[in-house]
Structure formats: C-alpha cells, structure tokens
Amino acid sequence: IQAISVAGRIYRSLERFPEAAEIFQQAWDQKRVILGERHLETMVAVHDLATIYRGQGRYAEAEPLLVQVKETTRSEMGESHPSTSQAMTSLAALYLLEDRPDVAERLLKESMTLLAAIVPEDHPMVGDTKHHLGVAYRDRGQFTDADRLLREAYDALVASVGKEHPRTLVLRANRALLIQAQGEPGQAASQLRELLTMQPRVLGDKHTYTLLTKVRLAAALAQQQKFEEALALCTDGVLGFQQKFGDSHPLTLKCRANLGRILHAVGEPQQAIEQFDKVLDAYQDRLLQGETWVHLRLGEMLAQKANVLLQQGQPVEAQQIVTDAIEMLKQHAEPGWRLTEAQAVLTRTLVAQGKLTEAEPRLLAVVANWEETADQIPQPHRDAIGTHACTQLVELYTAQGQQDAAARWRDRLADLQAEGHQ
C-alpha cells in the first residue's frame, strides 16, 4: 500500500493528475479495508485524493473529502496531532480557491493556534499556514496584516525548505500580488519576472505555477499600459492551461477573464466580450451543477461585460447585464469591493440613459461605500471606482443646473487627482 501511495505522489508532483487520482483511489480502497475507515493512514489516502481533485478544479468533489479528513483526524488523533492542523490548512486552501477567504481565515487562525503548541515557529507547517492566512487577509483587503504574515511565512519557509523550494516560489508570487494590489505594479512585475527565471528550471515551463506567473505578470504589465507584452504573455498562459486542463478548469477561466480585460484595454471590445462570454458560459454550467462558489466570479464577469457594452454605446443592454451581476454578487457571502464596482457601473448606465433622478442616490451610495472601504480595495479598482463616481456626480449636477453641488464634487475629484488617485 505504501508503494502505491509513493507512486501517486510522484505522479502528483509531475501534475499527472488522472494517474495520481486512480492510484490514490486504490490506496484509499485498500487502506479502509485493511486499517479501517477512520485510521490515520486511511485519512492520508483520502487527503491525497482530495488534493488531486482540487488540482483538477473538481472543487465540489474535493470539499466533502477534505471536511471528512478534518473532522475524522480531529476526532481520532486530537488537536495536539500535527495532522489535525494540516487537515485544516488543506481545507482552507480549497476555500481560498473558491473565493471564500472569510471561511478560510477562521480555519487558518485555529490551525495556527494548534500549531503554536506542538511545533517550533520555523516548522514548514507554520510557514504554510501563515502563507495561506496571509492570502486570506489579502483577498479580504487587509493588506497590512497580509504583508506581515507573508513576510513571516517567507522567512519560515526559507529557513526550513530553502529559497527555491516550490512552496517558497508560490509564496513569492503571492507577495508580488499583494504588492500589486497595494498600487505598485512595477515592483510586482519585477518580482514576477525574477520568478519566471526560476520556475521553469525548478518546476518546468508548463507547470501550473509557471503558467500562473506568466498571467500574473501580464496583469501587472497591463496595469502599466505595457499591453503588447501583456497580451502575448496572457495568451500564452491561456493556451497553456487549455492544453493542460481543458476549457472549463477554474484556472483556465480565470486566465481567460484576464485576457478579456487586456483585450478591452487595447481597444478590442468585441474580442474581449467573446472571451468574457466563454468564461460566463463555463461558470453558468458550474452553477447549474450546484457549485455556488462561482457567484462571485459570475457577478464580476457580468459587470465587466456590462462595462464594455456601456463604452460601446449600449447602456440599456449594459444596465440589464449589470443588474444581473449585482444580484449574483449579493448571493456571495462576502462580495466586498466587487459589489461596489458593479453598482458604480449600474449608475453609469443610468446616467448614460439620462435617468438622473434614479442615478443620484445610487451614485452617492457608491461614493459612501468607496470612502468607507477604499483602503481594502486593490489597485487599480480603487482609483477607478472613486474617480468615475465623482466624475458622474459632476456631470449629473451640471446637467440638473445644480452648480454648487457640481462644484463641490469637482473639488472632490481634484482632491483625488492631487492625492494620486487617478
């Protein structure tokens, strides 16, 4: 049985997931007969199979297995056994992939508490758990806490496994994404470029994390308006994921959405919409299969499509689509800034149709939400929401002949520009 599991882990390291899944299923079947359903080694086999499903984008199949491992390990081994913390961190990693950082954060904090009592601070499990908790904080807009934890995690992993270990490289990529979210795309791009000189050698040029780094670098370059290189990198990443996982894998879809955003930025709205529609169709299929975690991505994608249509002079169509986006986002537990962004697009469709009375209270609400949460919104979304809303209020009050109100919002817009929020 042990030899079977070793073979499965070799296939997993090579990202040969179908072969690994078959082997881990065999190991599980044998272990539960020989050792029993709740034996620790049986849970290791279940965990191994779940990680393959997670890698294949089969999140709905991975989650119940990881929940089973967490609950059984805690019951059978107790909270002082490292496997209990490891099971919590593995489940939290899935929740992060499903855009559920609030749920992941609670699990990871509990895992950190348990680990503090049983392993030293520089243990790899501590580094991994801090890494995931830092990502959870980043995804929730808690950038200061995220920066602290990712730095601590990096130091712990370098001390325990080295600078070029795959886990350390993944952490470096996540630190770069945090830097980009904080408004430093140039610095993020520099770090991602450095990673791209290492990952092909350590992991392979077609490895998931190598391809992800290409697409993340493309996003950072696009934010700097370096569109030619960004488009080439992102296209290469999408093709790589298509060949590796197919059209409906969450990573393929995420990268395709990024490609659509770049195409929109370079003045190819029709091509952008074609990419968005492919992503929307795939997420709709997942939603029909009961994968409710896609609400956030569906809502975000619908809002972006509506924005393209609005800029193409189709405000009525854009209003209908962004209204659907808002309803979709409201079904997610923590839509955050994406809901504010979608509501901002809706107000722009109303202004474009001359529905100024209806637009005014919505615009004021968008600005209020933006001011309250601005420090939690990643760049460039932070700037876009604020400046667009203020600009719309200037235009709205000017059209209504309310010159004093227009002047106040013109001053507010000037303040934003002076602060560098444009």
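Modeller: What follows goes through the ring pairs, then the core and the charges over rings. Keep in mind that this is a predicted model. The count comes to 4 aromatic pairs. Phe17 and Phe245 form a stacked pair, 6.0 Å centre to centre, with 5 degrees between the planes. This pair links distant parts of the chain, 228 residues apart. Phe17 belongs to helix H2 (residues 17–34), Phe245 to helix H12 (residues 227–245). Phe17 is buried, at 8% relative accessible area. Phe245 has 19% relative accessibility, so it counts as buried under the 20% cut-off.

Phe245 has another partner, Phe241. Their ring centres are 6.2 Å apart and their planes meet at 20 degrees; planes under 30 degrees apart count as stacked, so this pair is stacked. Why are these two separated by about one helical turn? Because they are 4 residues apart in helix H12. Phe241 is buried, with a relative accessible area of 0%.

Now the core. The largest nonpolar core has 103 residues, and Phe241 is among the members that touch the most others, a group including Leu49 and Leu65. Helix H15 (residues 295–311) supplies the largest share of this core, 9 residues. Leu65 touches Trp28, Val46, Leu49, Ala50 and Tyr53, leaving aside residues up to four places away in sequence.

Trp28 also has a charge over its ring: the charged end of Arg32 sits 4.5 Å from the ring centre. Elsewhere, Arg175 lies over the face of Tyr154, 5.2 Å from the ring centre.

Notes:
Residues are numbered from 1 along each chain as its sequence is written. This is a predicted model: local features need pLDDT of at least 70, side-chain atom pairs count only at pLDDT 80 or more; totals for chains, interfaces and linings use all residues. Side-chain values use heavy atoms; hydrogens and water are left out. A nonpolar core is a set of buried Ala, Val, Leu, Ile, Met, Phe, Trp, Tyr and Cys residues joined through side-chain atoms within 4.5 Å. Buried means under 20% relative accessible area, exposed over 50%, partly exposed in between (1.4 Å probe, protein chains only). Contact means heavy atoms within 4.5 Å. Rings of Phe, Tyr and Trp (its six-membered ring) pair if their centres lie within 6.5 Å; planes under 30 degrees apart count as stacked, over 60 as edge-to-face and the rest as tilted. A charge sits over a ring if NZ of Lys or CZ of Arg is within 6 Å of the ring centre and within 35 degrees of the ring normal.
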